[in-house]
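Open your viewer, and let's walk through this model one selection at a time. Each stop says what to pick and what you will find there.

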Amino acid sequence: MLVTVDELSGRAVKVQGDPSHPVTRGFLCGKVAKYLDRVYSPDRLLYPMRRRAGVAKGPLPQGREVEAFERISWDEALDEIAARLTKTVAEFGPESVLPYSYAGTIGQLGYGSMDRRFFYRLGASQLDRTICATAGGAALTSVYGVKLGTAPQDFAHAGLIIAWGANIHGNNVHLWPFVEEARRAGARLVVIDPYRTRTAALADEHLVINPGTDAALALGLMHVILREGLEDREYIDRCTHGFAELKAHALKAEHSPEAVAKVTGIAAETIVRLARAYAGAGRGGRGPAAIRLNYGIQRSENGGTAARAVCMLPLLTGAWQHKGGGLQLSTSGSFPFNSDVLQMPELMLASPLGRAARVVNMSLLGQALTAQDAGVGGPPVKALFVYNSNPAVVAPNQNDVLRGMRREDLFLVVHEQFFTDTADYADVLLPAPTFLETKDVQGAYGHLFAQVSQKAIEPLGEARNNVTVFGELGRRMGFGEACFDDREDELIDQALTTDHPWFAGITRERLEREGHVPLQLPVNESGEVLPFSTVEWFRTPSGRGELTPVPVFSAPVESRANAAAGAYPLEFLPRKADNYMNSTFANLEVHQKMESRTAGVLEMHTTDAAARGIVAGDQVEVFNGRGRIALRALVNGQVAAGVVAARLDWNKLSRDGANVNALTSERLTDIGGGPTFYSTLVEVRKADAL
Ligand SMILES: Nc1nc2c(c(=O)[nH]1)N[C@H]1C(S)=C(S)[C@@H](COP(=O)(O)OP(=O)(O)OC[C@H]3O[C@@H](n4cnc5c(=O)[nH]c(N)nc54)[C@H](O)[C@@H]3O)O[C@H]1N2
Ligand SMILES: Nc1nc2c(c(=O)[nH]1)N[C@H]1C(S)=C(S)[C@@H](COP(=O)(O)OP(=O)(O)OC[C@H]3O[C@@H](n4cnc5c(=O)[nH]c(N)nc54)[C@H](O)[C@@H]3O)O[C@H]1N2
Ligand SMILES: [Mo]
């Protein structure tokens, strides 16, 4: 991103894409194009604050949150936090302190550097950061041993693109131009998604799959490919392990197109046609097949197995051997930043614990805050420090999360840019800068260039970045280690300290000079980067693409297949907004306008609406055993019968103060310990007339 700053006022006046960047190529997504509305929003949190005596924790009226707090200085704020943490540690042990953070604005320093040092040295509970991608990550790693995939630019060379649980146009718009380029050269785009996303609406074909059944579909495709002998035997022999076992498994009758059609809701002929097109791509002069697998399918109970099964498909066809073929999940794991040096987990040994602290899964926050032993054994959570995240909105089983955050005996610090729903429960609030106001080093979620993001403007108000806050807190707590004095440039150098060949020659100075530098991935004789085209690329124990254990499909406990006669018969998709970033931007008017179509609505199929006497525009209640939310019915073609959808929003922007996560569960995925937002059953009824 290029930021134009007015020299006199020091104010950023324009943001634009960097035309020299090979992937983003001069354009920003719709939400970030309006980023200055966020930076200069009158609602920014600009000073440290303390909850006023006697004000109970809980939802505050939007725009008037400030009345619940009094302004204090940074010194007062840091002293108070240090004193409270010291007292909590003395009374309940250091593990009674829990950090809660996720990606924030995703830089390496902001994401995990000084904060980790601080909590390790304190001996606080460790947080397992599972909220997004761990099931898919574990799946990809189990098959390939490393998180890597097809570069986004190479999608332009594909002959068939499958967006599998991936809303490219909504969530990953910088891939879209490459998809369009491929289509102009004759490629087809097939979308596999239970919801008619922007991507699905623009595709050549949309396969409306029953939620949570992707493993069955992948096995069905394998069945056809192997039955018809369409696999690449030479590649399989050279690069994979466990083929005979997988073949015997995939050829079972339960994976025939007819059987799979019953499970997935996708017609048998379609499965056969897709399998043939997938295996045939890359032959006869046409481009190879590329799968854009995203995290949609792994937010489901058996999502890890599903992602593993999909990841195996290009190993059967050898699509990796051709430019533009293969598969991409996130590229974030491809950057070999030195997180050990940055985060220093060994500091746990210098903490009062003197050992590794217990681990709390962030997807079980409700349980962690409401169980006496935090759900994992040991002391209750007595202090929670939230930064880079808005758990009151994004965590599953929200009613338990909020019940926990309301506890008067819980000391809650929130480091934020805005008065989020989480901030409403804070004892102490600290102002955080936006990424324009701080320097960081970045990997990427969707490309393979390392970057430094410069500080473009001074922090607004008294905002201080994560590095500064945790460095200063460390000093207040009396931590003597010199590492608490490290500043941004030193941390960036440390992050880049590695002998990993992919970072060869990548230094801070070079990143500052060039803006972005490609990972130094191995190239073949033709100068091309073709991951997994040869056996050298694999990092699994067998040293090959791992096809065992074979993926076994089973329907989620919380799915129509297992709840036919139950009280909650509808499958619920609690979705992301195309114009927000999870809960980020949801409070800004200009973004709300872009997202007005889905504001406060439940999307339903006519059949399900009619069966409940609901017509478009009716107020409805969506409920299950965990909670209920009030929405307005939108009867449209976005979902099939049996499925309903609504999107994530701030609780305080909704009619009844709760969002979609009041309905989601704390059940975890089969592998990776991730949340299962997309395995949620609900019932819907017309709200009583007022
Ligand atoms: N505009 C925008 N962009 C974003 C974000 C945002 O909030 N807004 N969030 C960012 C983040 S944190 C992430 S992790 C990425 C995620 O990007 P994606 O992985 O694309 O995330 P989702 O939107 O959760 O899921 C993609 C699609 O999977 C579908 N889906 C749900 N269940 C199933 C299923 O069982 N099978 C199949 N085949 N599909 C299913 C959903 O309907 C959805 O359209 O996007 C990033 N980009
Ligand atoms: N129902 C449902 N729930 C979901 C999802 C879904 O699709 N459906 N998606 C899930 C996924 S994939 C993810 S990744 C999570 C994301 O959940 P979160 O990680 O909570 O993400 P955001 O909602 O973007 O909130 C990030 C917050 O960090 C703040 N922030 C930004 N930069 C900084 C910084 O430098 N310092 C500090 N201290 N704060 C900063 C922002 O102001 C913002 O309020 O949500 C998950 N929850
Ligand atoms: Mo995410």
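Start by selecting histidine 223, which counts as buried because its relative accessibility is 4% (buried means under 20% relative accessible area, exposed over 50%, partly exposed in between, with a 1.4 Å probe and protein chains only). This is a predicted model, in which local features need pLDDT of at least 70 and side-chain atom pairs count only at pLDDT 80 or more, while totals for chains, interfaces and linings use all residues. Residues are numbered from 1 along each chain as its sequence is written, chains are lettered from A and ligands numbered from 1 in the order in which they are written, and side-chain values use heavy atoms, leaving out hydrogens and water.

Histidine 223 sits in helix H10, residues 214-227 (helices, H or I of at least four residues, and strands, E of at least two, are DSSP runs numbered from the N terminus). Now show its neighbours: leaving aside residues up to four places away in sequence, histidine 223 touches Ala250, Leu251, Lys252, His255, Ser256 and Pro257 (contact means heavy atoms within 4.5 Å).

Next, colour by domain. Domain 1 covers 43-132 + 337-442 + 460-500, domain 2 covers 150-328 and domain 3 covers 560-689; such bounds come from an automatic or database domain assignment.

Keep domain 1 and domain 3 on screen. Between them they bury about 2000 Å², 50% of it on carbon and sulfur atoms (buried area is the accessible area, 1.4 Å probe, that two parts lose on being put together, summed over both). Highlight Gln62, Asn397 and Gln398: this trio supplies 25% of the area that domain 1 buries against domain 3, more than any other three residues.

Which side chains meet in a salt bridge at 2.7 Å, N to O? Select glutamate 65 and lysine 652 (a salt bridge is a side-chain nitrogen of Lys or Arg within 4 Å of a carboxyl oxygen of Asp or Glu).

For the last stop, go to arginine 612, in the loop between helix H24 (606-611) and strand S23 (619-623). At 21% relative accessibility, arginine 612 counts as partly exposed. Its contacts, again not counting residues up to four places away in sequence, are Pro569, Leu570, Glu683 and Val684. Finally, draw a distance from the side chain of arginine 612 to aspartate 608: a polar atom of that side chain lies 3.0 Å from the backbone oxygen of aspartate 608.

Technical notes. A polar contact is a pair of N or O atoms within 3.5 Å; within protein, one must be able to donate a hydrogen and the other to accept it, and residues adjacent in sequence count only if both atoms are side-chain atoms.
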